[in-house]
Amino acid sequence: MDAMTEPIRFPTKIAVLLRNDLVGWQRLNVTAFLVSGIAHAEPELLGEEYRDADGTAYLPMFGQPVLVFAGDRATLANAHSRALARRLRLAVFTSELFATGNDRDNRAAVQAVGREKLDLVGLALHAGRTVVDKVLKGATMHQ
């Protein structure tokens with residue numbers, strides 16, 4: 001490989017962990033919501049604005065890949081606990097959020113349940129590569 005085609009190795013990871021029993025539309029919906037939290041919390045992860053050959057401007061996106069993983073309820077609960085023990089900021093999506101229709105109700109649904117009783121269907125985090133690997137132990141790459 002020449003310098004132009006060698007893959008870039010990032011020191012950090014953006015990762016989404018989804019519960020493995022979600023249907024297709026739920027996986028997409030949860031992923032979209034979760035990464036919006038990462039973009040808000042860490043805007044420096046966003047690259048430059050895109051432009052096509054005609055000069056039309058498009059919104060910037062993350063400057064590094066977003067890796068999507070899957071796991072069962074226990075895997076999510078364990079990853080959640082490990083992330084909090086490491087004092088990582090993370091975005092969470094609970095099953096109750098499928099029944100709400102706005103941010104205010106989403107926040108109220110999460111706030112109504114204690115940390116240990118959240119019915120997590122997804123979470124997202126950004127941290128050093130090895131930290132993310134430890135937090136997501138037991139998860140597999142999403143297929």
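Predicted model: local features only at pLDDT ≥ 70, side-chain atom pairs only at ≥ 80, totals over all residues.
Trainee: What makes Asp 119 and Arg 19 a salt bridge?

Mentor: Their closest N and O atoms are 2.9 Å apart. The cut-off is within 4 Å, so the pair qualifies.

Trainee: Where do Asp 119 and Arg 19 lie in the chain?

Mentor: Asp 119 sits in the loop between helix 3 (103-111) and strand 6 (120-128). Arg 19 is in strand 1 (residues 12-19).

Trainee: Why is Arg 19 called buried?

Mentor: Its relative accessibility is 7%. Buried means under 20%, so Arg 19 counts as buried.

Trainee: How do you know that Asp 119 and Arg 73 form a salt bridge?

Mentor: N to O is 2.6 Å for these side chains. The limit is 4 Å, so this pair counts. Asp 119 is in the loop between helix 3 and strand 6, and Arg 73 is in helix 2 (residues 73-85), so the pair ties together parts 46 residues apart in sequence.

Trainee: Why is Arg 73 called partly exposed?

Mentor: Arg 73 has a relative accessible area of 49%. Exposed needs over 50% and buried needs under 20%, so Arg 73 falls in between.

Trainee: What makes Asp 103 and Arg 107 a salt bridge?

Mentor: Their N to O value is 3.0 Å. That meets the 4 Å rule, so the pair is included. Both residues lie in helix 3, 4 residues apart, about one turn of the helix.

Trainee: Which residues do salt bridges with shared partners join into one network?

Mentor: Arg 19, Asp 21, Arg 73 and Asp 119.

Trainee: How many salt bridges does the rule give?

Mentor: The count is 7.

How values were computed:
Residues numbered from 1 in each chain as written. Heavy atoms only, no water. Helix = DSSP H or I, 4+ residues; strand = E, 2+ residues; numbered from the N terminus. Buried < 20%, exposed > 50% of the residue type's maximum accessible area, 1.4 Å probe, protein only.
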